[in-house]
Amino acid sequence: DLPRHSVRLAASEVCPNQAFRFKNHIYGLQFHLEVTQGMVNTWKDAYKGELKEDGAAIPSFVPDPRVASISWEFFSRFLQLPRSFQ
């Protein structure tokens, strides 16, 4: 569940609360914005034993080509936030 008075920013069928904002300065993310195809392939290889045990599966994944620029913009702005509160 989301904290009271928060705003949902991203959702999916599997995870209805993937991103949210609480008040004006607190953000929560339940996903890897910086993910690449290489990272997904590494995770699939590294955790294949665990995935078989609990029946979970990492689907085939091809990141949107815009992900790199979106994540760069997001993290750049996020790192600038403390200066805006001074």
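Ala 19 has its bridge partner, Leu 29, in strand 3. Good morning, colleagues; I shall begin with the strands around this pair.

First, the source. The model is predicted, and local features therefore need pLDDT of at least 70 and side-chain atom pairs count only at pLDDT 80 or more, whereas totals for chains, interfaces and linings use all residues. Residues are numbered from 1 along each chain as its sequence is written, and side-chain values use heavy atoms, with hydrogens and water left out.

Strand 2, residues 19-22, pairs with strand 3 in the antiparallel sense over four bridges. For two strands to pair, DSSP must find at least two bridges between them.

The protein chain contains three strands and three helices, and the pattern along the sequence is β-β-β-α-α-α. Of its 86 residues, 16% count as buried. Buried means under 20% relative accessible area, exposed means over 50%, and partly exposed lies in between, using a 1.4 Å probe and protein chains only. Among contacts (heavy atoms within 4.5 Å) with a separation of 6 or more, 23% join residues 24 or more positions apart.

I turn to the surface. The chain has an accessible surface of about 7,200 Å², and carbon and sulfur atoms hold 57% of that area. Such areas come from the Shrake-Rupley method with a 1.4 Å probe, and for residues only the protein chains shown count as cover. Val 7, Leu 9 and Tyr 27 make up a nonpolar surface patch, with about 250 Å² of accessible area together. A patch takes residues with over 30% relative accessible area and no salt bridge, joining nonpolar side chains (Val, Leu, Ile, Met, Phe, Trp, Tyr) within 5 Å and like charges within 9 Å. Leu 9 belongs to strand 1, residues 6-10, and is partly exposed at a relative accessible area of 44%.

Next, the charged side chains. How many salt bridges does the structure hold? It holds one, where the term requires a side-chain nitrogen of Lys or Arg within 4 Å of a carboxyl oxygen of Asp or Glu. Glu 73 and Arg 77 form this salt bridge, and their closest N and O atoms are 2.6 Å apart. Side chains of opposite charge can pair when their charged atoms come close. Both Glu 73 and Arg 77 lie in helix 3, residues 67-84, four residues apart, or about one turn of the helix. Glu 73 is partly exposed, at 39% relative accessible area, whereas Arg 77 is exposed, at 55%.

I close with two backbone angles. His 5, in the segment before strand 1, has a phi near 70 degrees, a positive value in a residue other than glycine; His 5 is exposed at 65% relative accessible area. Lys 23, in the loop between strand 2 and strand 3, also has a positive phi, near 55 degrees. Lys 23 is exposed, with a relative accessible area of 57%. Thank you.
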